[in-house]
Every structure is written in C-alpha cells, then in structure tokens.
Amino acid sequence: MVKEIERAGIPVVHICTVTPISLTVGANRIVPAVAIPHPLGNPKLSRGEEKTLRRKIVQTALKALSTEVSDQTIFEVD
Amino acid sequence: MKLELGYIPIHNIQFGDPSRVEDGVLYVNAEDIKTLIMKDERVASAEVELARPGESVRITPVKDVVEPRVKVDGPGGLFPGTVSRVKTVGSGKTHVLKGAAVVTTGRIVGFQEGIIDMSGPGAQYTPFSKTNNIVLILRPRDELEPHEHEVAVRMAGLKTAAYLGELARNLTPETIETFETLPLKEGMEQYKDLPRVGYVQMLQSQGLLHDTYVYGVDAKQILPTILYPTEVMDGAIISGNCVSACDKNPTYVHQNNPIVHDLFARHGKDFNFCAMIITNENVYLADKARSSDWTAKLCEFLSLDGVIVSEEGFGNPDTDLMMNARKITDKGIKIVLLTDEYAGQDGSSQSLADAHVSADAVVSGGNANQVITLPRMGKVIGSEAYVGTIAGGWDKNKQPDGTIMVELQAITGATSEVGFGYLSAR
Amino acid sequence: MNKIKVVHYINQFFAQIGGEEMAHVPPEWRDGPVGPGLALGAAFGEEAQIIGTVICGDSYFNENVEQALDTILEMVRQHQPDLLIAGPAFNAGRYGVACGTVAKAAQDKLGVKAVTGMYVENPGADMFAQDVYIISTRNSAAGMRDAVSRMVPLAKKLVKGETIGASAQEGYLPRGVRVNLFEKERGSKRAVDMLVKKLKDQPFETEYPMPNFDRVAPQPAVQNINQAKVALVTSGGIVPFGNPDRIESSNASRYGRYDIDGLMDLEEGKWATAHGGYDPSYANQDADRVLPVDVMRELEMEGKIGSLFHFTYSTVGNGTAVKSSKAFAEDFVKELIQENVQAVILTST
C-alpha cells in the first residue's frame, strides 16, 4: 500500500514494527514502532505514559514527512 | 544421547473397555478419558469420537494433534515440563502407537484453527487423514477467557495422548529405530571427514493467544539454544500457538519432526548431524535481531558447515527467516530454508513478506492461498460454524449444498514448513 | 472428436529458405507442415493436424513488427485454428521475440491457444514468459526432440481446457504465477537433498527464487505540515466493532473506509481489530494503539497539523496478497488526491 500511495504523488510515512519488511517492500520514510500487537502503544505503561509514547512516535512521523529524503530512511523515535 | 523408538502399529481404533491394544487395534474407553479430562475444572464437558482414514468425516475446528507415546526406559517422561516433571528427555526407550493420534476440537478459541477431512479432496492435503484419530470435543466453562480456554484444551490433548501411550508400555514393538547424537568432541572425532550439519528450528512465538513451549517454557522467553535432536521425540517441544492451521506445527509434528528424521537418515554417511538449535519469532524487532544473532553465533560456535532452517507461520516471521539466512550465511555456513508461500489465490502475488539474496536454496511447502472446494461430509466432529471465520475462510464460504470453499490455509498441516508433507509450488 | 487444427509459425531458417542472408523475407503461408512441423505433427499423431505454416524472416519481423504481425494474424485468422505453435526458437534472439509476439497476439487478439518454446536466456523468454506458455528448451536445435515432446502435451491440455500443472511438471518457463504441486519426496527430504548438493558445491535448484522488489522514488517533503491535511491508513485491521465490512482475518479481499470525523479517540467496544495475525487483545482494548486517532486529533487542535482527514482506510495485512493491498491503495488513493490530502501516515502491526 505504501508504495501505491507514494506512486500516486502523496508523501507517506510507514510506522511499523518490522522495519526490515518495510525496507524490503520499499517504503521511503519509515518510523519504527513498539511491537506488532501494539505498534503505537505499550500496555505495560500507564494510560498517560502510553499516550506520551504514542505522541512521540506520531511526531517523529510528522518530522519524517517534513524531511527531504533521497533514499529509504529510518527515522528513530527520540 | 541415544534413543530407541519402538513402533507399535495401530491399524484401527474402537471403543472398548478397558482401553488396550490388541492385534493392532487400539480400544479406547471413552469414560476413562472423560474422567481424566474433567479433572480439570476449566472443562465443562468433554466427549470422545473416533475418526478413521477413508471415512466421510470432517473434524473442525482442530486445535492440536498429538501422538500417543510412552517413555519405557531412560530419564524423564513424555512432555517434560507440562505433563511430566522437568527432566532432560531424549535417551533410553520410547514406545509409539504409530498410526494413532489425539485430535482436539470444540468451540473456537482463535482464528487459527483447522480442518481435517478423513476422505475426499481435502484429505490429500492433511497428514492426519491417514491416522486413526481419537477426537476430543471440549467445551470450556462459559466464563473462561480465551487464554485459559486454550490452556485447558491443550492440556486435555497432551494428557490423553500420555494416557493412551501408557497402553504401549509393556507391548513389544514391531519395529525399532535407533537415533544417536554424540557429544561435540566425540562426534568430531568419529566423523572427522564429514561436513558438520545442524538444524535450526524457528518456533512460533508471536503471542497469538499462546506460543510454542519448550520443556514448559514459553518459546517467546527463550534465547536460542541447543537440543539433542532426540529430545523432541519425547515431547520436549509442544504446540500451544495459534497461527494458520496449514503451517503451524502440531505437537504430533514436533514429536515426528521430519527434518530431524531425514537428517538422521543420512547422519554418518553424507554428513555429521551435530545438533538442533531452536530459536523464536517474536514481535519486537530487538528480539528478532537478538535471536538471529544468537542463532548465527551458535551455528558458528558448533563449527557447522551446513544448516537447514525451518520457519513456522508467515508474515513478519519471514523477516526472522531472512535475518537468520543472512547472518548464518555471513558466518560462511551453507543454508537451506524451508517455508511456505502466500502468493494470493491466483498465485501471482509476492510469496513472502521479506527476501534476501542469501536465501538461494529454498524448499516450499506450497501456496497456502490456493482455494479448494470441500464437499459435504457425512459427519462433522466439532462444528462447521467457524469455517467462515478461521484463517483461510471467508464470510459465506459455505454453499447452500453444503460444500465449503477455503484456502489451503485452513487445512491442518497442508503447507508444513518442516516439510512433513509433499506439497510444493513453482 | 474433430482433430485439433494447428498453425505453426517458424522463421526462414527452419523453413530452409536460408540463413541470415534470407532473414528479410516477408510472411508467407504454406499449407501443411514445414521443417520442424513434421516432428510436431508426428508427436500429435491422430489428435491434431498441422493445417498450415506461417514463415517469416527474423529481420523482416523485427524491423516491421506491426506490419508483419498484421499480415501473420490475418493468415492465422483465415484458417481458424484451435492452436498456434511458434518455434521452438531455442536461443535465437530475434526468432524468440517473434515467436513470443506472434503467440501472445494469437491468444490475445484471436483467442487462439498458443505455445512456444525457447532457451531460458533467449530475450524473448524474459519478454513473454508471463504472457504465454514457453516450453524451456536447450540452447540449440539439437534439443528439438526434447522440446517437441513437451510442447505437444502442454498444447493438447491447453486446447482441451485441462488443468495445467506447475512449471516444473509441464516444463514451461515460470510465469510469475505460483502453482501448487505434489512432489515425490516430502519437503524435509528435499531440503536435506538440497543441502547435501550445496555442501558438495553441486548445482541445485531452489523451489522459490527470491523476487526483485520494485522501488518508488520518494516524494518531496511536506512543506508546512502544520497546514497540511493528513490521512491515517492502516494494515492493522482496525474496524468499527462488529467488523461491518466483514474484512477477512487473513488474506483480506477488501478494505474498509471509516468516518472518524469529530472522533477524539477510538473507544473500547466501538473499535476493534479484524486482524488474525497478532494477539488482538491490546488493539481491542484501545485501537489507538494501532491507529492513533487520539494523538492526531490533539495535534490537529494544537495546530501541529492542518487537519486530520475525516476518512480512514483500513485493511488486514495478514497473509494478504501484495496484489490485493496494491489494488486497495490504488483505489482509495484516488479519493485522497481528490480531497487534497497532502500526507499519509500508514501504520502496520
């Protein structure tokens, strides 16, 4: 899906846990997620902490969308 | 470590009292089994049915299949860490009721449960159409949550297999096979001119309800480790996981791991089969990186020249497979991979979610998306209510005339990634 | 049953008109079999008859493709065959391209079943293996008998509408379509055999050659993300509770489009996952863990993004054919463009 969106002319960021697959399938902007069953969350944290974590990941994704890339790039969450 | 497997062939199964084996017939006392299972308070009811090869019978939704065995000599007992206490198994003597299998069914727990047809076009895709099956229909107590439900069902299957296996304790096996793996140094001395070969088994551990268990330990919590290959013959690894029915390894397949058997068949002739390494397929990327690092490290540490790697499941575990392929190859070790494919119903899609150039020797268990039409069966053990929900089914896939369309995905053991079957794809 | 009517396509060389010096000859029709057609006819026996042969010079064909093809198709059409056999071309490059072109046109434009044959490295093989059945041959005409012995059975099956087996069984070049087959040995034995060959540095054949993944160039960065309309898309199967579109838990055949206008957060009991490839309990408790509507809404209100697009698109990426997911995206991306969405966040599990 990620390639078709990009091919159609819209920049896309892929938030996913298994970044090697994302690299293999050809996403250009990639943000690593937490775990497969909860990519943007962590049930071990409190609701508040969890939301902060999710917000950080999403903000990294927005940063990725705002960054020029010439090749496949992984944007680590700070 | 040396293990003798004594096979007692079972040609037929019947209900009878007491449970016993006579002239190749396994007589099963259903009441005894029910009593055994009902000791578990989580189970509300249990029933026993029999399904024989060639009968117009469908078993679904199938959770696990287990082979009745008994340890007659040597340390430990069957299924250490779950049914028997923890003790290293894989040496001594074990008796097998060859041709019999315990199959568990009942209300669905997760999506990933399967279909076994004892005859018709579906039968050729599942190895368990050729076994005499003692089927347990289990109903958990209503309030039981899915994880507990799964444990109860799993334990019922294992305990019943152990109970039936016990009937073989004092029987004389018709045939005996011996398997031996020498400790590292002795093996090197004895087979010093032969290439050193290992087997890396990837165990499903994605936390779909539950996972694979090794001596009772959840495989998601293990670091890659080394087994004597005979340990699995005594039930060191059992299935508790829920991935698609076609390519998860039922406990029966762990007990009869065909890669272990086929490597032993040429051990001492074409190579020295040194060890088995087990690793996992976890959902965190760091786990994937760590486990593949360790797997490659153990292969190197054992000075292996060649390795067979088998996957379990599909999707993100394809990445674990490719990481293992790349890292083991980087150690200068030759690899062959065993997997299956999800190439779409028309076969024209990408088969695996990941790829790497090092994966140049792949054996395929076939395309799991291939659609098959299963005719109506004379009898259904379990329930057909779930054939639309299980992985490989879809909404309204049951026709008014009773035929069912499913992908091979839904058939238990259809695209085995340890090569238990004959299916492949090109 | 009536005999299968066959037209055979060959080049000037196999028609014994001449070599390179005669490669300029234009298409010509001759009744009955010519050259290798005799061997083909013999292999078909009573079941089929080669009613005629189209001969064309390789240079003529490749230098005047359209004209040559028109003439050839017209010759074929007039005789209304059931089957067209082209070549085999072995490793002759221009002949291979001609065979592939003629065979593909015959099946696509005239609805005539077609089979050709060539060596795997023939450029025509790469160009046409996905479109027509190309029997894999040796690299020279010395392999004629072999080639014919495999082209004829496959051609008969095609004409009769019988099931075509996998490439390894029928002898054709892989078409990029995976076909199941039962092997003589179980998978574990095949793996051990393959390993032994690999250890001895002997040739072995993988059952699944690694694919080449295609690439798309990255789009330029979004200039002002704080003014951009951003859409959320997921392969994590997040759907309204009850899965109204009945998206399959594995190998999904469809995607859902859901209105999230005004939603602050995906509440438990209202949203859940249809995905069958991971433990669903975490996503069912809080679907924002997969599709972060709550955080996106906050960022929208704080002016960190322009707006959150009011539709989200969701499918189950579990064993779902790459082709299907590609088709889903090609479909919904039209709406994204129409609605002026400037960036997409796609989440996967």
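Reader: Okay, in what sense do strand β4 (residues 83-86) and strand β5 (residues 113-118) of chain C pair?
Author: Keep in mind that this is a predicted model. In it, four bridges link strand β4 (residues 83-86) of chain C with strand β5 (residues 113-118) of chain C. The sense of that pairing is parallel.

Reader: And which residue is the bridge partner of C:Ile85 in β5(C)?
Author: Strands of a sheet pair through backbone hydrogen bonds, either parallel or antiparallel. In β5(C), C:Ile85 has as its bridge partner C:Val115.

Reader: What is the strand order of the open sheet in chain C with mixed pairing?
Author: Six strands make up that open sheet, and its pairing is mixed. From one strand to the next, the twist averages 25 degrees. Reading across chain C, the order is β2-β3-β1-β4-β5-β6.

Reader: Which strands stand at the edges of that chain C sheet?
Author: Look for strands with a single partner strand, because one side of each is then left without a neighbour in the sheet. In chain C, that picks out β2 (28-31) and β6 (133-136).

Reader: Which helix of chain C lies across β1, β2, β3 and β4?
Author: The strands it covers are β1 (4-11), β2, β3 (48-56) and β4 of chain C. Relative to β3(C), the helix runs at about 160 degrees. It's α3 (residues 65-79) of chain C.

Reader: How do α3(C) and α4(C) sit, oblique or parallel to each other?
Author: Their axes are 11 Å apart and the packing angle is about 55 degrees. α3(C) passes α4(C) in a right-handed crossing. At that angle, α3(C) and α4(C) are therefore oblique.

Reader: What classes do the residues of the contact of α3(C) with α4(C) divide into?
Author: On the α3(C) side there are C:Val65, C:Leu69, C:Ile72 and C:Leu73. They meet C:Thr101, C:Val102, C:Ala105, C:Ala106 and C:Lys109 in α4(C). By class, the contact of α3(C) with α4(C) has seven nonpolar, one polar and one charged.

Reader: Where does C:Pro88 lie?
Author: C:Pro88 comes with a cis peptide bond from C:Gly87, with omega near 10 degrees. As for its place in chain C, C:Pro88 lies in the loop between β4 and α4 (93-109).

Reader: What radius of gyration does chain C have, next to a compact globule of 349 residues?
Author: Chain C has 11 helices and 14 strands. Its C-alpha atoms fill a box of roughly 80 × 50 × 45 Å along the principal axes. A compact globule of 349 residues would come out near 20 Å, but chain C has 28 Å.

Reader: And what is the radius of gyration of chain B?
Author: Chain B has seven helices and 26 strands, and its C-alpha trace spans about 55 × 55 × 35 Å along the principal axes. With 426 residues, a compact globule would be near 22 Å. Chain B agrees with that, at 21 Å.

Reader: Which residue in β16(B) stands opposite B:Tyr213?
Author: Strand β15 (residues 213-214) of chain B runs antiparallel to β16(B), and two bridges join them. In the loop between β15 and β16 of chain B you'll find B:Tyr215, with a positive phi near 50 degrees even though the residue is not glycine. Opposite B:Tyr213 stands B:Asp218.

Reader: Where is B:Pro18?
Author: The peptide bond from B:Asp17 to B:Pro18 is cis, with omega near 0 degrees. B:Pro18 lies in the chain B loop between β2 (12-15) and β3 (20-22).

Reader: Last one: at roughly what angle do the axes of α5(B) and α8(C) cross?
Author: B:Pro258, B:Ile259, B:Asp262 and B:Leu263 in α5(B) meet C:Ser188, C:Lys189 and C:Val192 in α8(C). By class, that contact has four nonpolar, one polar and two charged residues. α5(B) passes α8(C) in a right-handed crossing. The axes of α5 (residues 258-265) of chain B and α8 (residues 187-199) of chain C come within 8 Å and cross at roughly 45 degrees.

Note on methods. Residues are numbered from 1 along each chain as its sequence is written. Chains are lettered from A and ligands numbered from 1 in the order in which they are written. This is a predicted model: local features need pLDDT of at least 70, side-chain atom pairs count only at pLDDT 80 or more; totals for chains, interfaces and linings use all residues. Side-chain values use heavy atoms; hydrogens and water are left out. Axes are lines fitted to C-alpha atoms, for helices over the stretch in contact, and angles run from 0 to 180 degrees between N-to-C directions. A crossing is left-handed if the near helix is turned anticlockwise from the far one by less than a right angle, and right-handed if clockwise. Contact means heavy atoms within 4.5 Å. Ala, Val, Leu, Ile, Met, Phe, Trp, Tyr, Cys and Pro count as nonpolar, Asp, Glu, Lys and Arg as charged, and the others, Gly among them, as polar. Two strands pair if DSSP finds at least two bridges between them. The radius of gyration is taken over C-alpha atoms; the globule rule is 2.2 Å times the number of residues to the power 0.38. Angles under 35 degrees count as roughly parallel, over 145 as roughly antiparallel, 65 to 115 as roughly perpendicular and the rest as oblique.
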